[in-house]
Amino acid sequence: IMDRSDSEYYYSEAYEIPQDMIPVKASWEATNGVKTWVKMQVRCAESEEALKDAPWSGDIGNGDSLKEFNLKGFMQYKLELGAKCSCGTPRITEVTIDFAK
């Protein structure tokens with residue numbers, strides 16, 4: 001839906017975080033044009049149904065740590081794809097969430 005803002009949003013499906021693992025880093029591959037950007041936010045909840053009411057984190061940059069968010073249960077990410085004046089929206093080819101024990 002056009003809202004005249006410089007950003008569009010992509011919402012991932014819900015993912016169950018594996019037992020005894022924690023998400024530690026988020027990264028993505030993108031083609032960015034001039035005056036474009038990509039930001040990520042994450043949220044988690046005990047169940048997939050509860051995700052819709054869970055708050056989103058602050059902005060996460062490419063390669064940033066996720067440790068501070070203490071993600072458990074189910075998680076979801078949201079990408080903000082920004083382009084000044086809606087010209088040349090970034091193209092995402094891969095999103096990676098790294099896990100550790």
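The protein carries 12 positive and 17 negative side chains, with the centres of the two sets 6 Å apart; Lys and Arg count as positive, Asp and Glu as negative, and His and the chain ends are not counted. Each charge is placed at NZ of Lys, CZ of Arg, CG of Asp or CD of Glu. This is a predicted model, where local features need pLDDT of at least 70, side-chain atom pairs count only at pLDDT 80 or more, and totals for chains, interfaces and linings use all residues. Residues are numbered from 1 along each chain as its sequence is written, and side-chain values use heavy atoms, with hydrogens and water left out.

Q: What makes the secondary structure of the protein come to zero helices and six strands?
A: DSSP runs decide it: helices are H or I runs of at least four residues, strands are E runs of at least two, numbered from the N terminus. The protein has zero helices and six strands on that count, so the elements run β-β-β-β-β-β.

Q: What makes a set of residues a nonpolar core?
A: Its members are buried (under 20% relative accessible area, 1.4 Å probe, protein chains only) Ala, Val, Leu, Ile, Met, Phe, Trp, Tyr or Cys, joined through side-chain atoms within 4.5 Å. The largest such core here has 14 residues, and M40, V42 and L66 touch the most other members. β3 (22-31), β4 (36-45) and β5 (74-83) each give two or more residues to this core, with the largest share, four residues, coming from β5.

Q: Which residues does M40 touch, not counting residues up to four places away in sequence?
A: Contact means heavy atoms within 4.5 Å, and M40 touches A26, W28, G58, D59, I60, Y77, K78, L79, V95 and I97.

Definitions and conventions
Buried means under 20% relative accessible area, exposed over 50%, partly exposed in between (1.4 Å probe, protein chains only).
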